[in-house]
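Morning, everyone. Please look at the sequence and the model on the screen. I'll talk about packing.

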Amino acid sequence: MKVMEFINAHREDEDYCECVIHPNGEVDEPLPSHIGRLIEIAGEDSATLNGQMEKNMEPLFWMVEYTRCMSVWQTRVVAPSHPDQEQQDALEMLYDAAFLAPKYLYETPDAAYVESVRKAREVIAEKNRRKAETE
């Protein structure tokens, strides 16, 4: 949904709202969880994704970089290494609507995550290409 639709739908909520912001600026709820929603957005099964993620990496940061989505809580935002302008605009609108704390924590994956995701995309694309050839 559009960010203003999300804001209007949750303006009266007692609990602060969490959300996921897609690269195009669309916003949705992180159901069943942030990681679960990011796996759905990725369009791959969790075993495939987990198999590509390096064991010392935090899954949230890896999935945010893989999907290029932002995970948003009232006090924390985990954004991809290079967020799109539409995402930044949506985040600013959430902030202006008081959905974010005045001094929320903004985090991005470091270069190791970026490289890991780059490699994973190549491996997964090759796996999907082979699978399509055998079908």
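The largest nonpolar core has 18 residues. By nonpolar core I mean buried Ala, Val, Leu, Ile, Met, Phe, Trp, Tyr and Cys residues joined through side-chain atoms within 4.5 Å. Buried is under 20% relative accessible area, with a 1.4 Å probe and protein chains only. L38, L49, L60, W62, Y66 and V78 have the most contacts inside this core. Two elements give two or more residues to it: helix 4 (59-67) and helix 6 (111-134). Helix 4 gives the most, six residues. Helices here are DSSP runs of H or I, at least four residues, numbered from the N terminus.

A word on the source. This is a predicted model, where local features need pLDDT of at least 70 and side-chain atom pairs count only at 80 or more, while totals for chains, interfaces and linings use all residues. Residues are numbered from 1 along each chain as its sequence is written, and side-chain values use heavy atoms, with hydrogens and water left out.

Now L60. What does L60 touch, not counting residues up to four places away in sequence? H34, I35, L38, S71, W73, R76 and V78. Contact means heavy atoms within 4.5 Å.

Last, helix 2, residues 34-42, against helix 4. On one side of the contact are H34, I35, L38, I39, I41 and A42 from helix 2. Helix 4 brings P59, L60, M63, V64, Y66 and T67.

How values were computed. Buried < 20%, exposed > 50% of the residue type's maximum accessible area, 1.4 Å probe, protein only.
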